[in-house]
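Student: I'm new to this one, could you walk me through it?
Tutor: Gladly, let's look at it together and take one topic at a time.

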Amino acid sequence: MLRVAEALDGLNRGLALGIRWLALLMVLAQFAIVVGRYVFGVNSIAAQESVLYMHSALFMLAAGYTLLVDKHVRVDVFYAGLSPRTQRRIDIFGHLVLLLPSMAALLYWSWPSVRNSWAILEGPIAVGGLEAVFLLKSLIPAFCVLVMLQSIALLIRLFSERAPQ
């Protein structure tokens, strides 16, 4: 089972290696938009939307990796002072009762919108924007699946560890 967990970790690590470049591309694109607008008087809605798309992809597709490296938001005021055994129980509860069901619900309720968007190849958010809202909406189920897979990998590890005494 640990091989399954390692494979799921590898998926999110590999994706994060590629996705991280979106941060640089996003900064460069925004810089080009500002220079184009204020120096040359040229404006592009599509270019502005491209920054929105990159920002969305960066955060939605890297969420599983963030969970893997334990950099997600957590209130450690009480958790940090607990025993490893209690922390493990809280982690298992959080994954099984909170994280996985919420991701499943988000996936379930967002899917019709994503499916409909693909059916009509939904166009731009604004006139002159990118003709790819269906791709933007597809980030929602991708986010859910990646976080769920990483949660399963973490649960495999939590259940395969001997409970600390």
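Tutor: Before we start, the bend at a residue is the angle between two axes, one fitted to the seven residues ending there and the other to the seven starting there. Please also keep in mind that this is a predicted model.

Student: Okay, so where is the kink in α6?
Tutor: The kink in α6, of about 40°, lies at Ser-110, which comes shortly before the proline Pro-112.

Student: And what does α6 span from its first C-alpha to its last?
Tutor: Helix α6 runs over residues 84-120, 37 residues in total, and reaches 51 Å between those two atoms, which is close to the 54 Å expected at 1.5 Å a residue.

Student: Which residues of α6 are buried?
Tutor: Ser-110 is one of them, and the others are Gln-87, Arg-88, Ile-92, His-95, Leu-100, Met-103, Val-114 and Ser-117. What covers these buried residues includes α4 (63-68), α5 (76-79) and α7 (133-160).

Student: New topic: how many aromatic pairs are there?
Tutor: The count comes to two aromatic pairs. In one, the rings of Tyr-108 and Trp-109 have centres 4.9 Å apart and planes at 85°, and since planes over 60 degrees apart count as edge-to-face, so does this pair.

Student: Are those two buried or exposed?
Tutor: Tyr-108 and Trp-109 are both exposed.

Student: What about the rings of Trp-118 and Phe-134?
Tutor: Their centres are 4.7 Å apart with the planes at 75°, so this pair is edge-to-face. Because Trp-118 lies in helix α6 and Phe-134 in helix α7, the pair ties together parts that are 16 residues apart in sequence. Phe-134 is buried, with a relative accessible area of 12%, whereas Trp-118, at 41%, counts as partly exposed.

Definitions and conventions
Residues are numbered from 1 along each chain as its sequence is written. This is a predicted model: local features need pLDDT of at least 70, side-chain atom pairs count only at pLDDT 80 or more; totals for chains, interfaces and linings use all residues. Side-chain values use heavy atoms; hydrogens and water are left out. Helices (H or I, at least four residues) and strands (E, at least two) are DSSP runs, numbered from the N terminus. The expected span of a helix is 1.5 Å times one less than its number of residues. Buried means under 20% relative accessible area, exposed over 50%, partly exposed in between (1.4 Å probe, protein chains only). Contact means heavy atoms within 4.5 Å. Rings of Phe, Tyr and Trp (its six-membered ring) pair if their centres lie within 6.5 Å; planes under 30 degrees apart count as stacked, over 60 as edge-to-face and the rest as tilted.
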